[in-house]
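Visitor: Hi, I've got this protein open on my screen. Can we go through it bit by bit?

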Amino acid sequence: MQANPIKNIVIVGGGTAGWMTAAALVNKLPKTRYCITLVESDAIGTVGVGESTLPHISQFNASLGINENDFIRATKATIKLGIQFKDWANIGDIYMHPFSETGHVTQGIDFHHYWLKSQTMGDTTTLDEYSVAAMAAKAKRFAPPNKNRESMLAAYNYSYHIDATAYAKYLRDYAEHKGTKRIEGKITTVNLKSDNGYIESVTLANGEKVSADLFVDCSGFSALLIDKSLQVPFIDWSHWLPTDSAVVVQSERDIDLNPYTIATARSAGWQWQIPIQHRMGNGHVYASQYMSDQAALDILMTTLPGKATTEPRVLRFKAGCRKKTCHKNCVAIGLSSGFLEPLESTSIFLIQMGINKLIEYFPDQHFHQAGIDQYNQSMSYFYDQIRNFIILHYHATNRNDSEFWNYCRTMSIPDDLSRLMTLFKECGRVDRTQFGIWSAVCIGQGLIPEQYDSRIDSLDYQQVKGFMTNYRTQVQRAVDTLPPVEMFIQNVMKQ
Ligand SMILES: Cc1cc2nc3c(=O)[nH]c(=O)nc-3n(C[C@H](O)[C@H](O)[C@H](O)COP(=O)(O)OP(=O)(O)OC[C@H]3O[C@@H](n4cnc5c(N)ncnc54)[C@H](O)[C@@H]3O)c2cc1C
């Protein structure tokens, strides 16, 4: 059989998902053979949130040849070294999920076992004290990691808080400059081929018809192609992730620049504070079954870190994902493919994975089913893993102060998550093939292993104590050499 390349690609939607996809495809595919068109509606607009990211975004930007400083300036970005969780396991608890290892594996034993043993010997240090990213975050200090792998300052990662609208605009400039055609207009009809049900074209409100071989659905929650047209079912996970609403508002930034996102648990959900250079992004995610919009708004507005600068708005969503994110000649990327609520800032990461897999299994006119199935399996894997990771935050808690927390604490959870939690609880072990069941988060959530690795008892405790003290001291010394994050950003802006 002869290869039969596709030629025309239409991306529906110009939010973060649409423009990330356009930028990546136009960068990877030869201009002479592929024609990329993006259709977006100014009247509909974008969801306008999505400001906290994971470290993988740097790889995405680098693959496009984007200069980091240029990106920071264009998106008014600040640095993120992790997420600070407040009041999750118990009211009053605080822990950091840092973008770095906590301690390091010694003699084949994960560091948290050493820490657990030392706790039984009366040690009162926190896990954070063994993490460069956690301690730098708390000290509000930052410099890019040292390239020398031996250095303590090589042992962390970072990402950004960004202005999401500015990022989409930045990628739009990039993609248009490289040849992506943009059409502004509202799609009113999706036209299917009569013989095989593939998408043939979309029709705009002005009557214009746009045809393509491959369609990428980046139309956000409306899921115009994958849902409304191809009717791929949605797998509803709201019984595990019952938050379904968020009230969001921007405010002045009257506080110092924190190089971390703050996620504070509330009685029916949680609240975020995300600092970017010129303002704060704020939101309160809640389960409408347990809290009214007005009550959620009141909590948000009385805890803002500065004067509100926009009108608050309420967003609705449902946790879950499409049964298939690729079907026939359509791939759904972004909110059209699913949403797992923003707790661990995983949506832009999922967009990136969707794009990577699209490039990896890029179709031709045959749209081989095996390639489509492989794409779907890969994306299901990411969705399932991230779903479990987020459920962990709600389920592993001692909170019993509201109906919402009583539900989350006692609900049944997916079997694979239950297995991982038992593994950690009974013997402190983690399954490294699974995303996100990290010791810092498990222990922060109050999931404390019942025993440490017994091999530690064969080591001299004074030596173990010495090694831990030394590690902690090295972390602190390394962090003390870093400049304030505010200074790092100012320097980038001056260049
Ligand atoms: C409350 C909340 C907080 C979040 N926080 C984070 C976070 O911190 N980190 C993170 O990674 N992600 C976060 N997300 C997710 C993130 O916002 C999205 O993943 C990201 O913005 C991508 O959205 P999108 O491009 O899929 O959809 P949208 O931004 O909604 O874009 C949809 C596009 O489709 C177009 N469109 C729709 N219908 C039509 C039509 N009929 N005709 C033409 N065009 C059409 C629209 O005009 C728009 O251009 C959050 C989401 C929510 C709801």
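Predicted model: local features only at pLDDT ≥ 70, side-chain atom pairs only at ≥ 80, totals over all residues.

Visitor: Which residues of α2 meet α8?
Guide: On the α2 side they are His56, Ile57, Gln59 and Phe60, and they meet Ile348, Phe349, Gln352 and Ile355 in α8. Meeting, or contact, means heavy atoms within 4.5 Å.

Visitor: OK, back to α2 and α8. At what angle do they pack?
Guide: About 45°, with the axes of α2 (residues 56-63) and α8 (residues 347-360) 10 Å apart. An axis is a line fitted to C-alpha atoms, for helices over the stretch in contact, and angles between N-to-C directions run from 0 to 180 degrees. The helices themselves (H or I, at least four residues), like the strands (E, at least two), are DSSP runs numbered from the N terminus.

Visitor: What do you call that arrangement of α2 and α8?
Guide: α2 and α8 are therefore oblique to each other. Under 35 degrees counts as roughly parallel, over 145 as roughly antiparallel, 65 to 115 as roughly perpendicular, and the rest as oblique. The crossing of α2 past α8 is left-handed: the near helix is turned anticlockwise from the far one by less than a right angle, while clockwise would be right-handed.

Visitor: And how do α8 and α9 cross?
Guide: At roughly 165°, and their axes come within 10 Å. So α8 and α9 are roughly antiparallel to each other, and their crossing is right-handed. From α8 the contact uses Phe349, Leu350, Met353, Gly354, Lys357 and Leu358; from α9 it uses Tyr375, Ser378, Met379, Phe382, Tyr383 and Ile386. By class, the contact of α8 with α9 has nine nonpolar, two polar and one charged residues.

Visitor: How many residues does the largest nonpolar core have?
Guide: It has 141, and Ile333 and Tyr394 have the most contacts inside it. The helix that gives the most to this core is α9 (residues 369-395), with eleven residues. A nonpolar core is a set of buried Ala, Val, Leu, Ile, Met, Phe, Trp, Tyr and Cys residues joined through side-chain atoms within 4.5 Å. Buried means under 20% relative accessible area, exposed over 50%, and partly exposed in between (1.4 Å probe, protein chains only).

Visitor: What is isoleucine 333 in contact with?
Guide: Leaving aside neighbours within four places in sequence, the contacts of isoleucine 333 include Ala17, Val216, Cys218, Ile351, Leu358 and Tyr375. Another core, of 19 residues, lies apart from the largest one, and Val210, Phe215, Leu225 and Leu230 are among its residues.

Visitor: New topic: how many residues of α4 are buried?
Guide: Eight of the ten in α4 (residues 111-120), which makes this helix mostly covered. Among the buried ones are Phe111, Tyr114, Trp115 and Lys117. The buried residues of α4 pack against α11 (415-427), α12 (439-444) and α13 (461-480). Just after α4, glycine 122 has a positive phi of about 100°.

Visitor: Which phi does aspartate 87 have?
Guide: A positive one of about 70°, although aspartate 87 is not a glycine. Aspartate 87 sits in the loop between β4 (82-86) and β5 (94-98).

Visitor: Is aspartate 87 buried or exposed?
Guide: Buried, because its relative accessible area is 18%. Glutamine 107 also isn't a glycine, and its phi is positive too, near 50°. Glutamine 107 lies in the loop between β5 and α4, and it counts as exposed because its relative accessibility is 60%.

Visitor: Last one: where does histidine 393 lie?
Guide: In helix α9. Histidine 393 counts as buried because it is at 0% relative accessibility. Not counting residues up to four places away in sequence, histidine 393 touches Phe85, Trp88, Tyr95, Leu343, Glu344, Trp405, Val441 and Gln445.

Methods
Residues numbered from 1 in each chain as written. Heavy atoms only, no water. Nonpolar A, V, L, I, M, F, W, Y, C, P; charged D, E, K, R; others polar.
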